[in-house]
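Thank you all for coming. I would like to walk you slowly through one structure, so please have the sequence and the model open as I speak.

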Amino acid sequence: MRSDNNIKLSDNVTAISGVGPKKAELLKKMNIHTVEDLLYLFPRKYEDRRHAVTIIEAPFNQDVLLETRVVTKQISGNPYGKKRLLRVLAEDNTGSVELLFFNGKYLADYFKPGQALTLFGNITLNNGRRQMVHPEFHTTGDKDDVRGLFPVYPLTDGLYQGQMRSMQLAVRETAKEIKEWLPEYIVKENNLCSPAYAIENIHFPQAERPVLESRYRLIFEELLTLQSGLFYIKRGRESSGQGVSVGKGVSLKPFLEVLPFNLTEGQERTIKQIECDLESSRAMNRLIQGDVGSGKTAVAELAMYKTVRGGFQAAMMAPTELLAKQHAATLKKHFEPLGINVRLLSGNTKARERSEILEDLETGDVNILVGTHAVIRPDVRFANLGLVITDEQHRFGVNQRTLLAQKGENPNILVMTATPIPRTLAVILYGDLDISVIDTLPAGRKPVRTFLRYGDSRKKIYDFVENQIKEGRQAYVVAPLIEESEAIDCKSAGEIYEELCKSYPNLRIGLVHGAMKQQEKDFVMEAFASGGIDILVSTVVIEVGIDVGNATVMVIENCERFGLAQLHQLRGRVGRSGHQSYCILVCGSDSETAKKRNKIMCSTEDGFVIAEEDLKLRGPGEIFGTRQHGLPELNITDLVKNADMLEKVKNVARDLIDRDSQLELPEHTELKKRVKKMFGEKIELRL
Ligand code: ADP
Ligand code: MG
């Protein structure tokens, strides 16, 4: 494919000669529809083919560039058959290499003895002979060079690197059409190259420097689009009216007297910050980061107390039914004696009860609503919602948080997470949120002792569990699967439950998993919480937030199947009281990753350290995937590697939105278009 002058940016990819419906379909899978989309598909990396090596020094089995000349060529195989093999012998001053092209008769004319021949591919050793099978090659007069920096694109099944490269080549001229669209002052202040230059060099690099300049420009514009979008959303929420000052003069004392403990230092600090936010006439937007067990719920309760006493309603959303129920129980215990009405709303709330709750919400008779996603359903309406809390925030998307907030008039927003997101990323995920960190654990907690064991010591492990139970404690056993699976070699929760029941007939053992009916789950969970069950065998349904202080052992079967953050959450279910607690990781794999994870888990209980390590092991994509956060897909930016640019671009975006909160200025037209495209339907943008 040659570059074509007549193709426009907005053309469908089928305008490119050689791209028919089939290829267009493949491109569509990669979300590439127009020529512009294609140009904005960026290489993952580059193959450096600038430096040739001699045949003698070329390493085997890895791609090398060779400068050779043709010695001989020969076609073998059945002369009447189709499968004919072309052998070419090539040499340089140090040695020779044999090239094999299966079915390669049609290539024979390219190779003329004595002619220069550049080769790219890997050399294998076959009976003492150096061979290259189907190398890429270039001879004099041949159009496509094999030397230089070669872009390596992300692909989809059925699409090849070579095809992607020639499509890019076909639209090379079109890239010149791309006009500068960033405001001039931003371009100047940040020394950005033009977008046309950036696109040209990202696809057709001549040297490292222009590639770096181009990448900088493209990451900058992508981050600016992302952050302007996030600021835009947030300002949109704020501008619909200033927040109101809530609860001035309301003392927290009556509630503190109901709480069965004294606040830790971290809790005190956080609640002071929240009080300031509530009393100020700006709407609160605060993220509480606190490791598992740090007591975020109590802080949330204080915020709710102040809000309710200040004359407003509060809503709290949790990611799972179990957690919502637990919160509701805690809240009822603390609030009902004070005459504050707490209700639980979930997908399982019976119709009659539901309509009663909805009614009482609208009249203001319900002061606090706790629930699952059910609370953001459109027919849930509040009389005067003043505070919105999302627990375990990392489970929700940006849009879910926004939906809940829209049920009030600029309510105060509090989000709580135990996932210690590195600060730079929190800034992106939560836009402009203020952050409080609860960095102290309630007094008297002993560190959880963590051990790594293998399946063969299962008997010993459970004997240990039995001993703990004899001392009056309880235990969790978590397994990755519900039922036996032939495909995956690991014990299911069901199997483990059966085995334990058989081996320890004197112990009271319960089983919960996600496929059980809600009522059954609740029944078992409640029995465990009240001490009626000694061992709770479960799948990860208990992962988030469950709180049973008397439980001191957490056995995690096939721990290699869980992510680090998940293991940390699970371990956080024990060590919640003064009793010494234990976490036993039963590992079914000796892979390197498993080893690394186990080592980290055994060496630290610090959620921040674990999160950083998790990030390194898994990469940000998996953790901060769009699905989890409602954050748009990024083309070129790596939020971890490019963390240094986040802060800088964030400031630029904030200034820009400060000047033009609706993105109405002509100089922001293209930016607005891009924000809209980036966020798509994922977020309700009033653009
Ligand atoms: P998380 O931050 O993981 O949500 P929780 O709010 O569930 O933690 O609190 C964990 C446990 O610690 C609960 O049983 C709670 O009652 C208890 N707790 C919270 N704050 C304190 C405190 N200041 N002193 C003693 N226990 C506390
Ligand atoms: Mg919690």
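The chain has 23 helices and 21 strands, where helices (H or I, at least four residues) and strands (E, at least two) are DSSP runs numbered from the N terminus. Before I go on, please keep in mind that this is a predicted model, in which local features need pLDDT of at least 70 and side-chain atom pairs count only at pLDDT 80 or more, while totals for chains, interfaces and linings use all residues. Residues are numbered from 1 along each chain as its sequence is written, chains are lettered from A and ligands numbered from 1 in the order in which they are written, and side-chain values use heavy atoms, with hydrogens and water left out.

Of the 687 residues in the chain, 54% are buried; buried means under 20% relative accessible area, exposed means over 50%, and partly exposed lies in between, with a 1.4 Å probe and protein chains only. The accessible surface of the chain comes to about 31,900 Å², and 49% of it belongs to carbon and sulfur atoms; such areas come from the Shrake-Rupley method with a 1.4 Å probe, and for residues only the protein chains shown count as cover. Among the contacts with a separation of 6 or more, 72% are between residues 24 or more positions apart, a contact being heavy atoms within 4.5 Å.

Let me turn to the charged side chains. How many salt bridges does the structure hold? There are 35 salt bridges, each being a side-chain nitrogen of Lys or Arg within 4 Å of a carboxyl oxygen of Asp or Glu.

One of them joins Arg 209 to Glu 213, with the closest N and O atoms 3.5 Å apart. The two are about one helical turn from each other, because they sit four residues apart in helix α6, which covers residues 208–239. Arg 209 is exposed, at 63% relative accessibility, whereas Glu 213 is partly exposed, at 30%.

A second pair is Glu 279 with Lys 306, whose closest N and O atoms are 2.7 Å apart. This bridge links distant parts of the chain, since Glu 279 belongs to helix α8 (residues 265–279) and Lys 306 to helix α9 (residues 296–309), 27 residues apart. Is Lys 306 buried or exposed? Lys 306 is buried, with a relative accessible area of 1%, while Glu 279 is partly exposed at 23%.

Arg 458 is buried at 18% relative accessible area, and Glu 557 is buried at 1%.

Salt bridges also form a network, which links Glu 36, Glu 180, Arg 217, Glu 221, Glu 670, Lys 673 and Arg 674.

Finally, the ligand. Around ligand 1 there are 16 residues, of which Asn 262, Gly 293, Thr 297, Arg 445 and Asp 547 come nearest; a residue is counted if one of its heavy atoms lies within 4 Å. A backbone N or O atom of Gly 293 is 2.6 Å from an oxygen atom of ligand 1, and a side-chain N or O atom of Lys 296 is 2.8 Å from an oxygen atom of the ligand. Taken alone, ligand 1 exposes 560 Å², and the protein buries 82% of that.

Conventions. Polar contact = N/O pair within 3.5 Å; in protein donor to acceptor, adjacent residues only side chain to side chain.
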